Number of protein chains: 4
Amino acid sequence: MARPADRNAKVDLLAAAEVVFAEHGLDQARVDDITARAGKSKGAFYLHFESKEDAFREIIESLLARLHACVREQADAPLAASPSEYLRTWHAKDLEIFEFFWQNRRLMRLLFEGGRSADYAYLTDAFAERSRAQMEPQFRAAVAAGLLRDDFDVNIAIRLVSGAYEGVARDVIRLDTKPDLAHITRQLQRFILTGLASPMLRTGVLENDR
Amino acid sequence: MARPADRNAKVDLLAAAEVVFAEHGLDQARVDDITARAGKSKGAFYLHFESKEDAFREIIESLLARLHACVREQADAPLAASPSEYLRTWHAKDLEIFEFFWQNRRLMRLLFEGGRSADYAYLTDAFAERSRAQMEPQFRAAVAAGLLRDDFDVNIAIRLVSGAYEGVARDVIRLDTKPDLAHITRQLQRFILTGLASPMLRTGVLENDR
Amino acid sequence: MARPADRNAKVDLLAAAEVVFAEHGLDQARVDDITARAGKSKGAFYLHFESKEDAFREIIESLLARLHACVREQADAPLAASPSEYLRTWHAKDLEIFEFFWQNRRLMRLLFEGGRSADYAYLTDAFAERSRAQMEPQFRAAVAAGLLRDDFDVNIAIRLVSGAYEGVARDVIRLDTKPDLAHITRQLQRFILTGLASPMLRTGVLENDR
Amino acid sequence: MARPADRNAKVDLLAAAEVVFAEHGLDQARVDDITARAGKSKGAFYLHFESKEDAFREIIESLLARLHACVREQADAPLAASPSEYLRTWHAKDLEIFEFFWQNRRLMRLLFEGGRSADYAYLTDAFAERSRAQMEPQFRAAVAAGLLRDDFDVNIAIRLVSGAYEGVARDVIRLDTKPDLAHITRQLQRFILTGLASPMLRTGVLENDR
DNA sequence: TATGAATGAGCGTTCATTCAT
DNA sequence: CATGAATGAACGCTCATTCAT
């Protein structure tokens with residue numbers, strides 16, 4: 001037999017903690033605020049979590065787990081046969097992930113801001129690193145398949161691309177109303193693929209390169 | 001005639017505060033740590049700063065002032081005559097700014113991480129916003145001059161480009177050894193200008209666009 | 001179901017605070033002293049009071065409330081029919097109030113000494129002012145009833161009488177052993193009514209007045 | 001040769017200290033305030049005084065010395081020959097002392113309020129005690145001379161009289177504009193000598209006494 | 001003698017965590 | 001399991017006093 005009261009208590013506390021952490025960050029969040037918002041006692045909090053940090057960790061870990069599940073789900077799709085199929089798949093994946101960002105924007109902001117605590121500042125980098133790591137094999141595969149140019153320093157290219165993704169993601173999650181994610185991600189894809197150079201300037205670019 | 005002010009006192013304190021804030025963030029930095037590191041007394045700290053936050057603000061404001069001075073200096077250069085001149089100028093500007101990032105990487109990280117305190121989380125966004133604002137007129141000028149394509153949503157393009165810059169900047173400032181900034185910025189420029197699409201894929205891209 | 005509130009906690013803290021404030025005044029009283037004396041933790045103090053000053057205020061306000069209740073109770077009695085009844089009633093009232101002073105002599109001293117803090121120095125005057133205000137209607141009624149002389153400047157007479165009361169009260173509350181309050185108040189009453197002049201001098205006094 | 005600069009410095013500091021102590025009491029007065037008001041350095045303060053308390057003591061002692069000089073001057077006058085001469089002399093003495101109170105009202109308030117510090121709360125009582133002590137021989141002499149009634153408990157009578165004086169003094173020194181001190185002291189004297197009872201009540205009072 | 005920057009002990013208050021019921 | 005009063009370590013800030021010049 002489950003003990004629903006118990007489960008609900010933890011769920012309530014987690015929900016409240018999520019809000020309070022998202023608003024105040026780890027350091028400035030007070031356990032009192034969390035329990036008051038959850039309508040639970042302080043004792044209940046420590047019944048379910050070892051410490052304030054533990055609750056924070058649990059929330060962040062859950063977020064990361066769901067995020068990675070979402071990303072992996074996208075990543076596991078096979079390289080499409082045709083170029084246009086490839087683009088369609090890619091775009092669908094991006095949209096899926098940006099939808100996740102939007103759904104979890106409060107927590108994603110907290111993540112991007114390192115939990116607003118020195119102790120979790122590493123989260124920001126860790127997330128970026130992980131994104132890059134996740135991106136690399138797909139990128140290399142695309143290069144190998146002749147879909148992407150091979151005259152780039154792949155590491156740097158990845159860095160740039162993931163930077164663009166992260167930058168856009170940061171923008172999206174701080175909006176108040178939901179933007180047209182499909183449009184944004186399509187532009188992002190197009191930007192990555194075609195660049196901004198006008199034909200006239202393209203000559204200059206080639207000149208400029210050795 | 002009085003015991004002369006230790007002209008270095010404030011400088012020492014600021015230097016120590018910079019280190020401590022960079023390491024622990026605003027909330028977890030202890031005034032004791034700062035003064036101990038500076039070899040000064042606690043009283044000395046409050047002789048020069050109204051409060052812990054005041055010292056933090058002073059450090060951040062100084063960083064932002066120097067940063068904006070650096071950016072403005074770059075921005076004020078006129079649009080170059082020839083495309084290749086334009087590219088050279090652009091690259092030089094970027095390099096200058098990335099040098100600044102590298103020189104001040106400890107503080108830039110703190111800035112990017114919102115002071116690691118809920119109270120200054122806005123810094124992250126404020127900086128991104130400002131960067132975008134600074135970029136916009138230059139971008140539009142380049143489009144008007146036929147240097148950049150005009151079939152992009154400019155706002156989104158700026159968002160993407162500034163995202164790429166920010167992402168790369170975040171990467172750079174967390175390295176332990178100085179990377180080849182000229183290389184990175186050149187790749188960044190080239191990436192922005194030419195994109196990643198292979199000729200074969202380029203067709204797909206065009207197809208994909210309505 | 002919870003660890004039940006130590007119903008005595010606040011009472012203990014107030015009792016301890018009373019002693020410590022009475023001994024050291026507001027400024028020099030240390031919260032540590034209060035909690036140590038109460039056998040409570042520092043946290044417990046802030047569980048019941050907003051601040052040190054808040055506890056002080058509560059103590060003083062309670063004293064004033066009880067004092068005014070006592071005074072009002074006396075004041076509400078009607079003017080007696082006969083002179084001797086009037087005197088008896090008056091004396092009984094005084095005795096009641098002086099008993100209150102004696103019972104609360106530690107706090108009354110603190111009150112008379114303005115909480116031994118610049119912030120509450122006004123208490124001394126406020127109390128005197130209030131006493132005078134309370135006395136005035138009774139005084140005027142007694143004059144109207146022909147019980148008291150009408151050839152005095154009433155305001156000054158009240159000032160003198162309340163001064164005498166206050167002076168005697170200040171004396172009484174700093175004694176170590178309880179004096180014969182009935183005797184003192186009777187003498188005080190007699191003094192107010194008849195003065196000290198010997199018959200021989202009385203003539204001179206009356207001459208002296210215009 | 002005197003060192004006028006030095007002397008002036010101390011005088012300036014004392015004057016400033018007087019104002020600051022009178023306003024904030026001992027505990028809440030800051031040495032900084034005193035030196036700033038005096039236009040001197042903190043070093044100068046400690047050149048002339050051992051400590052903040054020392055300066056306070058010096059000010060209070062000076063006040064008491066001048067006060068006692070004034071009182072003694074009055075006290076040393078011989079008992080006058082005739083009753084009316086006695087009354088005139090007494091009144092003149094009182095007026096002199098009340099003039100002193102008025103001249104030094106800021107400091108007298110501080111004195112009456114125990115320096116607004118637990119450490120000097122005793123001043124209030126010490127002053128009252130001393131006043132009583134000073135009054136006693138004169139009182140007894142007057143009784144012996146048949147000028148004052150002898151059917152009073154002398155100690156209590158003194159207490160009452162000095163209480164009345166103290167009460168009136170407290171009133172006077174907190175006024176903003178100088179009152180008619182001669183009038184007040186005359187009324188005070190008359191009150192002490194004759195009391196307030198109407199002829200009608202006097203009968204009852206005498207009955208009431210055993 | 002005079003200066004005023006520097007010192008550091010001291011204290012009010014907060015809040016994560018514990019524990020008696 | 002649940003409660004919430006109690007605990008006490010921690011830390012920001014003040015200000016009397018010292019001392020190098």
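1. Does Arg116(D) count as buried or exposed, and how many C-beta neighbours does it have inside 10 Å? Arg116(D) has 31 C-beta neighbours inside 10 Å and therefore counts as buried, where buried is the word for a residue with 20 or more other C-beta atoms within 10 Å of its own, exposed for one with 12 or fewer, and partly exposed for one in between, the C-beta atoms being placed from the backbone. Arg116(D) sits in the loop between α6 (105-112) and α7 (122-144) of chain D, and its phi is near 50°, a positive value in a residue other than glycine.

2. Before reading further, please keep in mind that this is a predicted model, in which local features need pLDDT of at least 70 and side-chain atom pairs count only at pLDDT 80 or more, whereas totals for chains, interfaces and linings use all residues. Residues are numbered from 1 along each chain as its sequence is written, and chains are lettered from A and ligands numbered from 1 in the order in which they are written.

3. Confidence in chain A deserves a look of its own. Confidence in chain A is highest in helix α2 (residues 31-38), at a mean of 95, and lowest in helix α10 (residues 199-208), at 54. Over residues 206-210 of chain A the pLDDT stays under 50, and for this stretch the model has four contacts beyond four places in sequence; two residues are in contact if their C-beta atoms, placed from the backbone, lie within 7 Å.

4. As for its make-up, chain A has ten helices and zero strands, where helices (H or I, at least four residues) and strands (E, at least two) are DSSP runs numbered from the N terminus. Of the 210 residues of chain A, 38% count as buried, and among the contacts in this chain with a separation of 6 or more, 65% are between residues 24 or more positions apart.

5. The domain assignment of chain A, with bounds that come from an automatic or database assignment, gives domain 1 (1-49) and domain 2 (62-208). Six residues of domain 1 of chain A are in contact with nine residues of domain 2 of chain A. The side of domain 1 that touches domain 2 in chain A is made of three nonpolar, one polar and two charged residues; here Ala, Val, Leu, Ile, Met, Phe, Trp, Tyr, Cys and Pro count as nonpolar, Asp, Glu, Lys and Arg as charged, and the others, Gly among them, as polar.

6. His68(A) lies in helix α4 (residues 52-75) of chain A, and because it has 13 C-beta neighbours inside 10 Å, His68(A) counts as partly exposed. From C-alpha to C-alpha, His68(A) and Ala133(A) are 12 Å apart in space, while in sequence they are 65 residues apart.

7. Turning to the contact between chains, 55 residues of chain C are in contact with 55 residues of chain D. Several helices of chain C, including α1 (9-28) and α5 (83-103), each supply at least two residues of the side that touches chain D, and α8(C) gives the most, with twelve residues. That side of chain C divides into 23 nonpolar, 17 polar and 15 charged residues.

8. Chain C is superposed on chain D by a rotation of 179° with 0.0 Å of shift along its axis, at an RMSD of 0.4 Å, which is the relation of a two-fold axis; the superposition is by least squares on the C-alpha atoms of residues with pLDDT of at least 70 in both copies. The same surface serves both copies, as 100% of the contact residues of chain C recur in chain D.

9. In chain D, helix α8 (residues 154-173) has 20 residues and reaches 28 Å from its first C-alpha to its last, close to the 28 Å expected at 1.5 Å a residue, the expected span being 1.5 Å times one less than the number of residues. Of the 20 residues of α8(D), 16 are buried, so this helix is largely enclosed by the rest of the structure.

10. In chain B, Leu123(B) is found in helix α7 and, because it has 20 C-beta neighbours inside 10 Å, counts as buried. Leaving aside neighbours within four places in sequence, Leu123(B) is in contact with Ile60(B), Leu111(B), Gly114(B) and Gly115(B).

Methods. pLDDT is the predictor's confidence in each residue, from 0 to 100.
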